[in-house]
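I opened my notebook beside the model and went through it place by place. Here is what I looked up.

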Amino acid sequence: MEISLSESAVPLLDVLVVDEQPAPGGQIWRNIEAVAGTPRAAILGKAYGDGIDVVRRFRASGARYEPGTRVWQVEPGPRAYMTRNGAASCVEAGCLLLAIGAQERPAPFPGWTLPGVMTVGAAQIVLKSSGQISSGPVWIAGCGPLPLLYAAQLLKAGGRIAGFLDTTPPGRMTAALPKLSAAAFAVPFDLLKGLGWLAAVRRRVPYIPRVTGIEAIGSDAVERLRYVTADGRSATVATHLLLVHEGLVPTIHPTLALDCLHVWNPDQDCFMPELDGWGETSEPGVFVAGDGAGIGGAAAACLRGEIAALRIAARTGRLSDTGAAAAAEPIRARLRRMLAIRPFLDRLYRPRADLFVPADRTIACRCEEISVASIRAQAAAGRPGPNQIKAFTRAGMGPCQGRQCNYTVAHVLAAAEGRTVPDVGLYRVRPPLKPVTLSELAALDTTDMAS
């Protein structure tokens with residue numbers, strides 16, 4: 001992004017970018033510098049290949065870049081605690097922009113913790129990072145654009161798909177049609193791309209629509225897959241790899257740790273940080289951009305970042321408020337156009353209701369192996385919230401810090417207690433956000449802070 005300053009003598013922003021990955025690109029353009037111009041880039045598609053221009057501009061921007069850095073705590077100030085090369089450090093800044101992205105929606109079902117059951121996003125990361133695909137045919141189950149995109153990429157890469165289980169609930173297209181015209185007018189090419197992926201899958205892969213439930217079966221690893229459709233048909237098939245996906249939710253652990261205000265998004269069935277028009281949270285000086293601010297896709301993520309950057313430039317005196325508002329106006333118009341497709345997609349691919357409240361024998365917390373039945377048993381004994389469930393059962397105390405069970409526990413409690421998920425809420429987040437060793441902590445010198 002280019003920002004024009006009225007006075008050339010005004011210093012530019014001192015920007016530090018810390019990245020958990022080894023190279024820039026985020027999740028969407030992961031490994032783009034190594035892949036650009038190779039046959040793998042053609043497999044991943046034009047939208048992926050376009051990321052090389054963004055990364056090159058970033059490299060030339062003058063921002064300090066620290067890859068391989070894991071942020072394990074954020075605090076008001078704002079301050080960020082991080083680890084790099086085995087040593088912890090703390091950075092205090094005038095403003096903090098969290099571009100923390102999204103995670104795949106936890107979708108527990110019987111057998112989901114078996115080896116050989118992966119998310120579609122994880123399989124796509126392997127393709128982007130190392131160019132690897134399964135040596136045998138795989139089953140894909142889920143709904144949303146990502147399973148269709150990965151299926152198309154997998155077929156281009158020479159992979160084999162044993163079957164595609166579409167879990168989009170019946171009647172969703174009818175519900176989404178009123179939003180189709182606005183999406184088609186604003187982003188027609190995005191809709192055409194999605195139709196192309198669907199056509200490729202239905203033409204080349206056994207396609208089973210209206211799937212209402214799946215189960216992975218096996219002893220030491222997945223061996224069979226059982227599925228049921230809305231009209232009562234069921235089948236059990238052999239498989240060594242099952243890829244699942246049921247949409248995305250914003251990553252909110254850092255904003256929860258900061259005690260920022262959050263709101264429930266009923267269209268996307270998830271919490272998101274409460275933000276003003278510039279992406280600033282209720283914690284002064286802390287901004288959120290990208291899908292962490294609400295699921296909107298790669299193009300919208302970049303635009304949200306530009307808007308937040310303009311406000312940060314104005315907040316720090318590098319740009320006037322009037323100049324920031326004028327520069328943001330065309331960006332906001334493009335953002336509205338990019339987000340015009342979301343109402344259609346959110347209605348079409350809203351997950352089925354029973355995904356949120358699985359059967360009793362399903363593992364809810366995979367880190368501590370706590371079943372849904374255990375959560376329900378605690379709910380029957382009183383009216384506990386998620387933090388009481390954590391204390392009683394250890395659900396949410398594992399390495400993922402509740403990222404994989406937070407929503408499941410909230411939904412199970414809401415159903416058992418006759419409440420809503422926004423009323424039940426989520427776990428209270430405790431530091432550290434990511435695992436950190438004692439030796440890394442020993443290297444932390446809080447008196448040596450950069451600004």
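The entries below go from ground rules to strands, cores, surface and backbone.

**Ground rules.** I am working with a predicted model, where local features need pLDDT of at least 70, side-chain atom pairs count only at pLDDT 80 or more, and totals for chains, interfaces and linings use all residues. Residues are numbered from 1 along each chain as its sequence is written, and side-chain values use heavy atoms, with hydrogens and water left out.

**Strand 15.** I began with strand 15, residues 242–245. Helices (H or I, at least four residues) and strands (E, at least two) are DSSP runs, numbered from the N terminus. I found both faces covered: L242 and V244 on one side, L243 and H245 on the other, are all buried. Buried means under 20% relative accessible area, exposed over 50%, and partly exposed in between (1.4 Å probe, protein chains only).

Next I looked up its partners; two strands pair if DSSP finds at least two bridges between them. Strand 8 (residues 117–119) pairs with strand 15 in the parallel sense over 3 bridges, and T119 has V244 as its bridge partner. Strand 9 (residues 138–142) also runs parallel to strand 15, joined by 4 bridges, and here I140 stands opposite L243.

**Cores.** A nonpolar core is a set of buried Ala, Val, Leu, Ile, Met, Phe, Trp, Tyr and Cys residues joined through side-chain atoms within 4.5 Å. The largest one has 26 residues, and I140, F164 and L243 are among those with the most contacts inside it. Helix 6 (145–156) is one of the elements that supply at least two residues, and helix 6 gives the most, with 6 residues. A second, separate core of 23 residues includes V249, C270, A395 and V409.

**Surface.** Is F189 buried or exposed? F189 counts as exposed because its relative accessibility is 65%. I placed F189 in helix 9 (residues 188–204).

- A cis peptide bond joins G77 and P78, with omega about -15°; P78 is in the loop between strand 3 (70–75) and strand 4 (79–84).
- P431 and P432 are also joined by a cis peptide bond, with omega about 0°.
- R394 has a positive phi near 75° and counts as partly exposed, at 42% relative accessibility.
- Q401 has a positive phi near 60° and sits in the loop between helix 15 and helix 16.
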